[in-house]
Amino acid sequence: MSGATVDPAVLEKVRGWRPYVEAKLGFRNHWYPAVFSHELLEDKPVETMLLGESILLNRLDGKPRAIRNRCLHRGVKFSKQVECYKKGTITCWYHAWTYNWADGELSDIITNPSSSLIGKHRLKTYPVREEKGLIFVFVGDIDPPDLSSDVPPGFLDEGMAIHGKRRMVKSNWRLGVENGFDASHIFIHKRSKLVAGNDIALPLGFAPIDAGDSTRAVIGDTGPTGLYDLLGEKSIPVFEGELSGETVIEGHFGAKKVADNISIWLPGVLKVDPWPQEGMNQFEWYVPVDATTHCYLQVLGRMTATKEEADAFRQEVDAKWIELALDGFNDDDVWAREATEEFYGDNDRGWIEERLFETDMAIVEWRKLASQRNRGIQRSDNL
Amino acid sequence: MSGATVDPAVLEKVRGWRPYVEAKLGFRNHWYPAVFSHELLEDKPVETMLLGESILLNRLDGKPRAIRNRCLHRGVKFSKQVECYKKGTITCWYHAWTYNWADGELSDIITNPSSSLIGKHRLKTYPVREEKGLIFVFVGDIDPPDLSSDVPPGFLDEGMAIHGKRRMVKSNWRLGVENGFDASHIFIHKRSKLVAGNDIALPLGFAPIDAGDSTRAVIGDTGPTGLYDLLGEKSIPVFEGELSGETVIEGHFGAKKVADNISIWLPGVLKVDPWPQEGMNQFEWYVPVDATTHCYLQVLGRMTATKEEADAFRQEVDAKWIELALDGFNDDDVWAREATEEFYGDNDRGWIEERLFETDMAIVEWRKLASQRNRGIQRSDNL
Amino acid sequence: MSGATVDPAVLEKVRGWRPYVEAKLGFRNHWYPAVFSHELLEDKPVETMLLGESILLNRLDGKPRAIRNRCLHRGVKFSKQVECYKKGTITCWYHAWTYNWADGELSDIITNPSSSLIGKHRLKTYPVREEKGLIFVFVGDIDPPDLSSDVPPGFLDEGMAIHGKRRMVKSNWRLGVENGFDASHIFIHKRSKLVAGNDIALPLGFAPIDAGDSTRAVIGDTGPTGLYDLLGEKSIPVFEGELSGETVIEGHFGAKKVADNISIWLPGVLKVDPWPQEGMNQFEWYVPVDATTHCYLQVLGRMTATKEEADAFRQEVDAKWIELALDGFNDDDVWAREATEEFYGDNDRGWIEERLFETDMAIVEWRKLASQRNRGIQRSDNL
C-alpha cells in the first residue's frame with residue numbers, strides 16, 4: 001500500500017515519540033470499532049478496512065465474525081462477489097476455495113475436492129466483540145486482552161446507553177486524535193450553533209498557569225491506558241480575544257459548564273465529560289483506515305436505568321444531538337483535520353516542521369504515552 | 001513509465017520463473033496483433049500502444065506500416081496532430097521534421113531544409129504483417145522470425161476464417177493469460193448462458209489423477225512454442241460441488257463436449273479447440289499495453305472451403321457468437337482478471353504471496369516455458 | 001511536493017546546462033509576476049503558488065503584501081478560511097496564531113495570550129512590487145535587486161502601457177520558455193487567423209547561414225540578463241516548404257514585418273518586438289507554479305504619451321488583440337507545450353533523450369546563460 005511507510009530521514013529527526021510517527025497505519029494488537037451493530041445483518045457480509053487491512057465481517061447465528069478479505073490462492077477479495085454455499089463457510093468466487101468463518105480453515109476446494117491443501121491452511125481471522133451497539137475487531141497477532149483495556153472508562157458500564165454515527169474523514173488518524181484532544185482547537189467552534197443555542201460556556205482558548213504537569217496519565221493494567229488533560233484546572237480560560245491589547249472577538253460565556261474532563265485513550269479514542277450537556281458523554285474513535293483516511297466514529301452516552309430510558313436516549317440522539325452536536329459542532333473538526341492533512345501527508349514533513357506551543361503539551365504527552373504503551377506498530381508487511 | 005519495473009526484492013524471491021515476473025510489460029522480439037484490418041484505413045494513421053511503446057500505424061497503398069509515435073527532436077507524439085504533406089511521409093506538427101513511413105528516415109525538415117541532420121537519423125519502424133484480418137506488429141530489435149512462430153497452430157491455415165473483437169482490460173497481461181489457461185477458473189462461468197443455452201458440458205473444476213505431467217510442451221523451431229494442458233485426460237471432472245461431503249452446487253452436464261484441447265503459446269495467446277462448439281476454435285491474445293492494461297483480442301476460427309463460407313461464418317460470429325461467447329461467456333473472465341490486478345499490481349506482491357494448488361501446475365509450466373523461451377524482456381529503457 | 005526533484009542519474013548525463021535541468025521548480029531569488037493589479041482588492045487575500053510555494057497576497061491601504069500561506073504551528077493554509085480581526089494582521093483559523101502582514105511577526109496568539117512564542121517567530125514574507133498593472137513577488141532569501149533586473153528592457157519605461165491576461169498551462173515552465181524563444185516553432189502557427197487576416201509575414205522556419213553566433217547575450221549589472229535571437233539576420237526565412245524538392249506548403253508572405261527582435265530574459269520572460277503589429281510589443285512570462293504547471297502571463301505593450309492614449313490602448317487590447325493574438329495565435333503555443341510535457345515530464349527523460357538541430361542553438365544558449373546567471377535553484381526543502 002503506497003504511502004504506508006515513513007521516510008527514515010524523517011523518523012531520525014523525531015525526538016521523544018518516534019514510534020508514534022511510525023504508526024501511520026495505526027497501532028497493532030488493539031481493539032477498534034468497525035461498524036455499528038445495525039450495519040451487520042445475519043449472513044450479509046460487509047467489507048471494512050482497518051489499519052490498511054481489508055476485512056470481511058459477517059454475522060452468523062447472531063454472532064459477529066471477521067476474516068481477512070483476500071483468498072489465500074490468488075489474492076482476490078471475496079467481497080467482489082460474495083458466494084456462500086453452506087452456512088458458516090465462504091467460498092471464493094474464483095476457484096471455489098472454501099473457508100470456515102469461525103477459524104479460517106480452508107475446509108474445502110469445490111473445484112478440486114482431492115486437493116492436498118484442504119485442511120492444511122488457514123485464513124486470518126480476527127477476534128470480534130459486540131458491545132454497546134458496536135462491532136469491535138482486534139487487529140493483531142497476540143491473544144487479545146479484554147475489550148475493556150481499549151475503551152475509555154465508563155464506556156462499558158452497565159446502564160451506559162450509547163448511540164451515534166460514523167463517517168470517513170480524509171486525514172490520517174493521528175490528526176483526528178490531536179484535533180480532538182487539543183484544548184486550543186476550540187477556537188474553530190467559535191461560531192457553532194450548538195454553543196450559542198444551548199447557553200454553553202466555550203472560551204476561545206486557554207492561558208496555562210505554570211503549575212506543573214498539565215496532564216495525568218493512567219496506565220492500564222486491567223483497564224485502559226490514557227491521559228487526562230488537566231488544562232481546565234491549570235489555566236485561565238480566554239473569553240476575550242485580544243490583539244495588541246484590544247478585544248477583537250469574544251468566546252461564549254454561557255451558564256452551562258461542559259467538557260470539564262477530557263481524556264484520550266489507546267488506541268485512539270477520546271472521552272469528553274460532560275458533553276454536549278450535563279449527564280452526557282461523548283466518546284469518539286479515530287479509527288485508522290489507510291494512511292490518509294480515518295473512520296470518525298462518534299457516540300454519545302448516558303447512564304440509564306431501564307430499557308425504556310435507553311431507548312428514549314437513543315431517540316433523543318437521533319432527533320436532536322446528531323444534527324446539533326455530532327454534525328453541527330463536529331463538522332468543524334472534520335474540516336480542520338482534512339485541512340491539516342496536506343502538511344502532514346506531504347512526505348510526513350509536518351511531524352518535523354511543526355512548531356508547538358504551550359497548550360500542545362497535552363498532545364506531546366499523548367504522543368509519548370502512545371509511543372511507550374502501544375502494543376505494536378502496523379507495518380506494510382502486515383497488510 | 002511508472003510501475004514498469006519490478007522491485008528487485010520481489011524478483012529475488014521468485015523461484016523458477018523470474019524472467020516471467022520481470023516481463024511486466026511483456027516479452028520483446030515477438031509478434032503481437034495490434035488492431036483489426038478494418039480499423040486501419042488508407043492513409044489514416046492510428047495510434048496504438050504495445051508493451052508500453054506508443055506506435056503509429058498507417059496503411060499506404062494498402063500496405064500496413066508502423067513507426068514509433070514520437071518525434072526524435074523534442075519527443076512529441078505525431079498523433080497529437082497528424083500532418084502529412086506527401087504520400088509516404090509524416091511531418092511532425094511542431095518543427096516539421098519529416099520521416100518516411102517505410103524506413104523511418106528523417107528525409108526532410110521543412111523548417112530548416114539545410115539542416116545537417118537530414119538523412120542522418122532514423123525513427124524506429126516496426127515490421128508489420130497483415131494476416132487473417134489482423135495487423136501484427138513485431139516489437140523488438142532483431143530480424144523478425146516468421147509470423148507463424150508466434151501464433152497458435154492452425155491459425156494461419158489456408159481456409160481458416162477468423163473473426164472477432166478486441167477491448168482493453170485493466171489488468172496486467174499475465175493475469176489474462178493465466179485466467180485463460182487456468183483449468184479451474186471455469187468455476188466463474190457456472191452461470192453463463194452460453195453453457196446453459198447450448199447444452200455444453202462444463203464441470204465446476206477438475207480433480208487431477210496423479211499420473212505424471214499434466215502439460216505437454218511444444219518447442220517451436222519453425223513453428224510456435226507453447227504448452228498443451230492435458231488435465232482433461234488426467235483428471236476427473238467435477239460436476240458435483242461438495243462441501244463436507246454434501247452437494248451444494250452442480251456443473252453443467254451437457255451433451256456437447258467442448259474445450260478438449262487447450263493450449264497457450266508465446267508471446268501470450270490461447271487456443272481452445274473446439275469452442276464454443278464443435279468445428280470452431282477460439283484464439284485469444286492478451287497483448288501487453290502498459291503495466292496494468294492488456295488488449296484482449298478474441299477471435300473465433302472455422303475451416304472454410306470457399307469465400308462464401310468464410311463470409312457466412314463471419315456473419316454468424318457477428319449475429320450470434322459475439323453476444324453469446326466473446327461477450328456473454330468471456331465477460332466473466334474480464335471481470336475476474338480486473339479483480340486479480342489489485343493483489344498482483346500492489347508492488348507485485350502477488351507473485352510471491354500467492355499460494356498455488358494442484359490444478360495450477362499448468363500455469364507453473366507456462367511460467368517456466370515462457371521464462372526459458374521468450375526472445376527478450378521489455379525494459380523501461382526500450383520505451 | 002512530488003516530482004520536484006530530478007533523478008541524479010538524469011542530471012549526470014546533462015552536459016552544459018545541468019543547473020537549468022535541476023531548476024524544475026524555477027530559479028530562486030528572482031521577481032515573478034503573480035497576478036494582475038485588478039485581481040488584488042483591498043483586504044481580500046488571494047492565494048497564489050509560485051515555484052511550488054503557496055503564498056497569500058493581500059492589499060492593505062493600497063499596498064500589496066505577500067506572506068507564506070502556511071501557519072508556523074501546524075502548517076495549515078490560512079487561505080482555507082481567511083480570518084482577519086484587525087487591520088494589518090491575519091489570524092490562523094485553527095489556533096488563532098496572528099501575524100503581521102508587513103513583517104510576518106507572530107504578534108499575538110488569541111487562544112493563549114500568555115504564550116512565550118509571541119514576538120519570537122516570524123512567518124516568511126515576500127517582497128512585493130506593483131508595476132504596470134502587475135503584482136510582482138520576489139521568491140527568495142536575499143535582498144532583492146531592483147525589479148528592473150528581472151524584466152525585459154523597455155517594459156518599465158515611462159509611457160509604456162501594458163495590458164493582457166494570464167492562464168495556467170499544464171507543462172513545466174521551461175517548455176514554455178523554449179516554445180516561445182524557439183524560432184522554428186512558428187511552424188505551428190501556419191494556420192493562425194492572426195497571420196492571414198493581418199497581412200503579416202510569417203515564414204515556416206529558418207535556414208541558418210553559417211555565420212557565427214546566432215544569439216547575443218546581455219549580462220545585466222543593473223539591468224536584466226538575457227539573450228537576443230539573431231537568427232532573423234543570420235538565416236534565410238523559409239516560405240516554401242519543400243519535401244524532396246517539391247513545394248508542399250507555403251508560409252505567409254505578408255507585407256507587415258513583425259517579430260524582428262526576439263529576446264528571452266531571466267527568470268523566464270520573452271519579449272517580441274514588434275508584435276502583433278508595428279508599434280507594439282508582446283511580453284510573456286512562464287511563471288513556475290509546480291513541476292508540471294506554469295502560469296502563462298501575456299501582456300502587450302505600447303508607448304503612449306497620455307493617460308487617454310493608455311486607456312485607449314487597453315481598450316484596443318480587450319476589444320481586438322486578446323481574441324486575435326493572445327488567444328487566437330498563442331493558443332497554438334499552449335497546446336504545443338502541453339503536448340511536450342509528456343516526454344519531458346516522464347522522469348525528465350526528455351532532457352537527455354531529445355535530439356536538437358541547428359535552429360535550437362538559441363535555446364541551447366539560453367540554457368547555458370540561465371545555468372550560469374540564475375540567482376539560485378528552487379529546491380524542495382524551500383517549499
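How many residues of chain A are in contact with residues of chain C? I began my notebook with this point and found that 27 residues of chain A are in contact with 26 residues of chain C. For contact I required that the C-beta atoms of two residues, placed from the backbone, lie within 7 Å.

**Entry 1. Conventions**

I note that this is a predicted model, in which local features need pLDDT of at least 70 and side-chain atom pairs count only at pLDDT 80 or more, while totals for chains, interfaces and linings use all residues. Residues are numbered from 1 along each chain as its sequence is written, and chains are lettered from A and ligands numbered from 1 in the order in which they are written.

**Entry 2. The side of chain A that touches chain C**

I looked up which elements supply this side. At least two residues each come from β12 (205–208), β16 (240–243), β17 (246–250), α6 (331–345) and α7 (350–353) of chain A. Helices (H or I, at least four residues) and strands (E, at least two) are DSSP runs, numbered from the N terminus. The largest share, four residues, belongs to α6(A). I then sorted the side of chain A that touches chain C by class and noted 13 nonpolar, eight polar and six charged residues. Here Ala, Val, Leu, Ile, Met, Phe, Trp, Tyr, Cys and Pro count as nonpolar, Asp, Glu, Lys and Arg as charged, and the others, Gly among them, as polar.

**Entry 3. The side of chain C that touches chain B**

I found 27 residues of chain C in contact with 27 residues of chain B. Two or more residues each are given by β12 (205–208), β16 (240–243), β17 (246–250), α6 (331–345) and α7 (350–353) of chain C. With four residues, α6(C) gives the most to this side. The classes on the side of chain C that touches chain B are 13 nonpolar, eight polar and six charged.

**Entry 4. One residue in α7(C)**

I selected C:Gly350, which is found in helix α7 of chain C. Is C:Gly350 buried or exposed? C:Gly350 is buried, with 22 other C-beta atoms within 10 Å. A residue is buried if 20 or more other C-beta atoms lie within 10 Å of its own, exposed if 12 or fewer, and partly exposed in between. Not counting residues up to four places away in sequence, C:Gly350 touches B:Gly75, C:Phe343 and C:Tyr344. I also noted that C:Gly350 and C:Val10 are 340 residues apart in sequence, yet 9.7 Å apart in space, C-alpha to C-alpha.

**Entry 5. How the copies are related**

I superposed the copies by least squares on the C-alpha atoms of residues with pLDDT of at least 70 in both. Chain A can be laid on chain C by a turn of 120 degrees and a shift of 0.0 Å along the axis, with an RMSD of 0.0 Å.

Leaving aside its neighbours within four places in sequence, C:Val287 is in contact with residues including C:Tyr32, C:Trp173 and C:Leu297. In strand β21 (residues 281–290) of chain C, 10 of its 10 residues are buried. I recorded nine bridges between β21(C) and strand β22 (residues 293–303) of chain C, paired in the antiparallel sense; strands pair if DSSP finds at least two bridges between them. A hairpin joins β21(C) to β22(C) through two residues. In β22(C), C:Gln298 is the bridge partner of C:Glu284.

Five bridges join β2(A) to strand β3 (residues 53–60) of chain A. A:Glu47 stands opposite A:Leu56 in β3(A).
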